[in-house]
Number of protein chains: 2
Amino acid sequence: MTTGTPRDVLRRMFDAAVASALPSKCLPAHLPPPPKGRTIVIGAGKASAAMARAVEEHWPGELEGLVVTRYGHRVATDRIEIVEAAHPVPDLAGREAAERILKRVQGLSEDDLVLCLISGGGSSLLTLPAPGLTLQDKQAINRALLASGANITEMNCVRKHLSAIKGGRLAAAAAPAKVVTLTISDVPGDDPAVIASGPTIADRTTFADAVAILHKYRITEPAAVLQHLERAADETPKPGDPRLARCETHMIATPQMALEAAAAVAREAGYTPLILGNALEGESRDVAMVHSGIARQVRGFHQPVKAPCVLLSGGETTVTVRGKGRGGRNVEFLLALSVALDGLPGVYALAGDTDGIDGAEETAGAIVTPDTLARAAARGVDAKARLADNDGHGFFEALGDTVVTGPTLTNVNDFRAILIEA
Amino acid sequence: MTTGTPRDVLRRMFDAAVASALPSKCLPAHLPPPPKGRTIVIGAGKASAAMARAVEEHWPGELEGLVVTRYGHRVATDRIEIVEAAHPVPDLAGREAAERILKRVQGLSEDDLVLCLISGGGSSLLTLPAPGLTLQDKQAINRALLASGANITEMNCVRKHLSAIKGGRLAAAAAPAKVVTLTISDVPGDDPAVIASGPTIADRTTFADAVAILHKYRITEPAAVLQHLERAADETPKPGDPRLARCETHMIATPQMALEAAAAVAREAGYTPLILGNALEGESRDVAMVHSGIARQVRGFHQPVKAPCVLLSGGETTVTVRGKGRGGRNVEFLLALSVALDGLPGVYALAGDTDGIDGAEETAGAIVTPDTLARAAARGVDAKARLADNDGHGFFEALGDTVVTGPTLTNVNDFRAILIEA
């Protein structure tokens, strides 16, 4: 027996996924006991202001601090200062905030506690070039790396060795204070060394690795960057570094936790949840075709799971923009899904960005029903033409099927659910 | 407890999938009892010669007949004539064979049996333009439909109404004889009306539908085609047509049956099989990224199934060729998969075309192991560069990891298996 309409169940699953990542919900349980000494709250990321507020609301003692977040992501706080800065290209505001954060954790004692609040986007918000380097140097090398085909691990290795704050340096500066890092993950694998380039996490990579990466991709400029790396002064803290002995990290929200929260809603509503993956990648429309194929298998062969069921997946797909429509990863996925399902009875879907913003639109995502194509056709809206134009938002707005949450001020990446009736 | 090496288990699964579709294995059990009168064997498709031989070897009585297959797909037969013709663009040999097949089933009695052997490719091999139309007319309209963006259902509707043999017309011509159609499916959904355009299957579409489709896509040429469709003489047999009352159809091999055969091998070797879908579609490299994401979820979270397990899927992916390498859908999938898995321990994969030919190469597919990338790098072979060049065959040949079966003379589409150790 299932309860609730498919639309309701889908929306409740999405809301549960987002709620699992809201700092007000997920952060309090991870707060450590107050220290004998001072509590300094620092942090960076798109969720850092909301995280700071959650700390203020639940912290039993004194605290002070400073976090940096993206322009527009400020929330009201009493005691923790919020600085807004640019993302994804760093600006001076972020650089100044990073400098102040690094100063703030210096000179602490063993009795003090640093609470570090990290979330996606923290890498560009927390930018502090190593001595001798400029913001322009870092921007130039970032552009060169992006154009080279280097992967994210390689880029992070280089970045950590050009920074005064990343790759564990922030934690090293805070020693001998205890450092507790609370992290919201939006990256595949939830590696804390990757999120915001791990300012409080020991770094396994070296200056020599960074030089090898630039050689591999034949990057020879800016000269200041190469000189800095080749000089290899002041290596990042490595695992076992005594300065990081009193660091601990808690993942307080992840894509997987969001999917598990949605799965619990599904189960309660009588649908068997099947989590396919929390970090699926690929071109949105092709990922949609695979999901459609799995949904057809459920309808036709009760595989890989018997209906009533919900197929759940997370992770960030890609849209290769060819058209001129208003799109986003999630509405592109849904539009392609509705074309691939071609009105298959009993199959509904919701996809949305957990940050509440799918692409550039103030819309989180949308809902697909078995009659999506028929309702579109009745309104003279051609799904295939809209898909060719990457016009997912236009398509679902025309149907009144958008999902709007407003900016959620958190982010555990995309959420996709396909509900299949028995 | 699992038995056999991952490579062995993968290869045995693939072989079981192919074997399930070999006419010698799957056809005999579906043969009807011999009739009082004559037995006429006809058929079309890439597997029709192999199917004819299986009939000859197991048929207890007299028989005669004629089947048309693709150039190079002949096998030795004693009593059933094999004609080879062109695929996918029809030629005169196919046209003449179709004419002879249609004549062969005319004038039969209620005591006679027509055994119709259908497999993929039958549509272009069994080409007989309706009276007043030429092969050139049909070729022209095919080109126009392909360029228009019409889907396969729409194209088949038009084709059936330009043919003297498709859309149930062959069965109607055979009345009052009994018609038993044995079909090997290589299409999503296994709809017998779609495979070879259903020469023995009642047609739900009409001349008016065909005209509407040409209008929809603004196709106005050739004039002879439009006139033929608008005249609407001699409609295809519809469901309930008394001429088709003595027709029955058996699916003797399908992609699903092939996956189930592989699943049985997996189970016996101690791996839990999970069939994701028998008709997955999408760009090969993106389908690979989704499979990689699911494999990571198994390793990290025991979802959607607990290892040791095998993820199975079928259906035809797409390769958008941008490079100059030697590729095919299956090796492209595997090459992209190995890049996406990036050496993830405990994950092995095999993908192959069940017809034994992946793309233009005499190679069915290949095998991926956790050390595929490392072995490639040791040989100076760059996986990402080969993927960018669509050079899947070159890549796996360099590693000695190709899977070669030779042409299997059957086809239930692509086969993919990802084996994940506990």
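This is a predicted model: local features need pLDDT of at least 70, side-chain atom pairs count only at pLDDT 80 or more; totals for chains, interfaces and linings use all residues.
Let me start with one term. A residue counts as buried when its relative accessible area is under 20%. Keep that in mind.

Strand β12 of chain A runs over residues 414–420, and seven of its seven residues are buried. How are the buried residues of β12(A) placed on its faces? Both faces are covered. One side has Asp414(A), Arg416(A), Ile418(A) and Ile420(A). The other has Phe415(A), Ala417(A) and Leu419(A). Here is the general rule behind that pattern. In a regular strand the side chains alternate between the two faces of the sheet.

Next, the sheet around this strand. It is an open sheet of six strands in chain A, in the order β7-β8-β12-β9-β10-β11. The pairing is mixed. Which strands are at the edges? They are β7 (272–277) and β11 (402–403) of chain A, and each pairs on one side only.

Let's walk along part of that order. Begin with β7(A). It pairs with β8(A) in the parallel sense, over five bridges. One residue pair to find on your screen: Thr272(A) has Cys309(A) in β8(A) as its bridge partner. Move on to β8(A), residues 309–314. This strand pairs with β12(A) in the antiparallel sense, over six bridges. Then comes β9(A), residues 347–353. It also pairs with β12(A), antiparallel, over seven bridges. Now look at Leu419(A) in β12(A). Val310(A) stands opposite this leucine. Tyr348(A) stands opposite Leu419(A) too. And how do strands hold on to each other in general? Strands of a sheet pair through backbone hydrogen bonds, either parallel or antiparallel.

On to a helix. Take α10 of chain A, residues 223–231. Which of its residues are buried? They are Val225(A), Leu226(A), His228(A) and Leu229(A). Look down the axis of α10(A). The buried residues fall within an arc of 160 degrees, so they line one face of the helix. An α-helix has 3.6 residues a turn, so residues three or four places apart point the same way. What do the buried residues of α10(A) pack against? The partners are α6 (135–148) and α9 (207–216) of chain A. After α10(A) comes Ala232(A), with a positive phi near 55 degrees.

Now aromatic rings. There are four aromatic pairs over all chains. I will show you two. Phe395(A) is buried, at 0% relative accessibility. Phe396(A) is buried as well, with a relative accessible area of 0%.

The other pair is in chain B. The rings of Phe14(B) and Phe415(B) have centres 5.6 Å apart and planes at 45 degrees, so the pair is tilted. Phe14(B) lies in helix α1 (residues 6–20) and Phe415(B) in strand β12 (residues 414–420) of chain B, so the pair ties together parts that are 401 residues apart in sequence. Phe14(B) is buried at 0% relative accessibility, and Phe415(B) is buried with a relative accessible area of 1%.

What about disulfides? A disulfide is a covalent bond between the sulfur atoms of two cysteines. The cut-off is 2.5 Å. Cys116(A) is buried, with a relative accessible area of 1%. Cys309(B) is in no disulfide either: the nearest cysteine sulfur, in Cys309(A), is 18 Å away. Cys309(B) is buried at 0%.

A quick stop in chain B. Ser48(B) lies in helix α3, residues 48–58. This serine is buried, at 0% relative accessible area. Beyond its neighbours within four places in sequence, Ser48(B) contacts several residues, among them Gly43(B), Val67(B) and Leu117(B).

Last, the two chains together. Chain A can be laid on chain B with an RMSD of 0.1 Å, by a turn of 180 degrees and a shift of 0.0 Å along the axis. The copies are thus related as by a two-fold rotation axis. And 100% of the interface residues of chain A are also interface residues in chain B, so the copies meet through the same surface.

Definitions and conventions. Residues are numbered from 1 along each chain as its sequence is written. Chains are lettered from A and ligands numbered from 1 in the order in which they are written. Side-chain values use heavy atoms; hydrogens and water are left out. Buried means under 20% relative accessible area, exposed over 50%, partly exposed in between (1.4 Å probe, protein chains only). Helices (H or I, at least four residues) and strands (E, at least two) are DSSP runs, numbered from the N terminus. The arc is that of the directions from the helix axis to the C-beta atoms. Contact means heavy atoms within 4.5 Å. Two strands pair if DSSP finds at least two bridges between them. Copies are superposed by least squares on the C-alpha atoms of residues with pLDDT of at least 70 in both. Rings of Phe, Tyr and Trp (its six-membered ring) pair if their centres lie within 6.5 Å; planes under 30 degrees apart count as stacked, over 60 as edge-to-face and the rest as tilted.
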